[in-house]
Amino acid sequence: GIHRQVLLATLGCVVGYHLVKRAEYVHAKVDRELFEYIRHHPADFQPSTEKKRIGQLLEDFHPIR
């Protein structure tokens, strides 16, 4: 009956809410670790001074056929 639909909808909302919170926590943890690594190793992340053209960034296209 209708009580099962209400129960399952409520259960789905609760489970979905906790899954979203868990995903946000995992992504925040990864971001925190990456920013900490960048803070401790600034020499590895120096911006380049010369500008590159788009042709220098992309690989050459070689069709298979």
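The protein has a radius of gyration of 24 Å, whereas a compact globule of 65 residues would have one near 11 Å. This radius is taken over C-alpha atoms, and the globule rule is 2.2 Å times the number of residues to the power 0.38. The structure is a predicted model, in which local features need pLDDT of at least 70 and side-chain atom pairs count only at pLDDT 80 or more, while totals for chains, interfaces and linings use all residues. Residues are numbered from 1 along each chain as its sequence is written, and side-chain values use heavy atoms, with hydrogens and water left out.

Along the principal axes, the C-alpha atoms fill a box of roughly 65 × 45 × 15 Å. The protein contains 2 helices and 0 strands; these are DSSP runs numbered from the N terminus, with helices (H or I) of at least four residues and strands (E) of at least two. Ala43 lies in the loop between helix H1 (2–40) and helix H2 (54–57). The C-alpha atoms of Ala43 and Leu8 are separated by 53 Å, at 35 residues apart along the chain.

Buried residues account for 0% of the 65 residues. Here buried means under 20% relative accessible area, exposed over 50%, and partly exposed in between, with a 1.4 Å probe and protein chains only. The protein exposes about 7000 Å², of which carbon and sulfur atoms supply 63%; areas come from the Shrake-Rupley method with a 1.4 Å probe, and for residues only the protein chains shown count as cover.

| Residue | Relative accessible area | Class |
|---|---|---|
| Glu36 | 34% | partly exposed |
| Tyr37 | 41% | partly exposed |
| Arg39 | 57% | exposed |
| Ala43 | 62% | exposed |
| Phe45 | 42% | partly exposed |

The count of aromatic pairs is 1. The ring centres of Tyr37 and Phe45 are 6.1 Å apart and their planes stand at 90°, so the pair is edge-to-face. Rings of Phe, Tyr and Trp (its six-membered ring) pair if their centres lie within 6.5 Å; planes under 30 degrees apart count as stacked, over 60 as edge-to-face and the rest as tilted.

The count of salt bridges is also 1, the criterion being a side-chain nitrogen of Lys or Arg within 4 Å of a carboxyl oxygen of Asp or Glu. The side chains of Arg39 and Glu36 form a salt bridge at 2.8 Å, N to O. Both residues, Arg39 and Glu36, belong to helix H1 and are 3 residues apart, about one turn of the helix.
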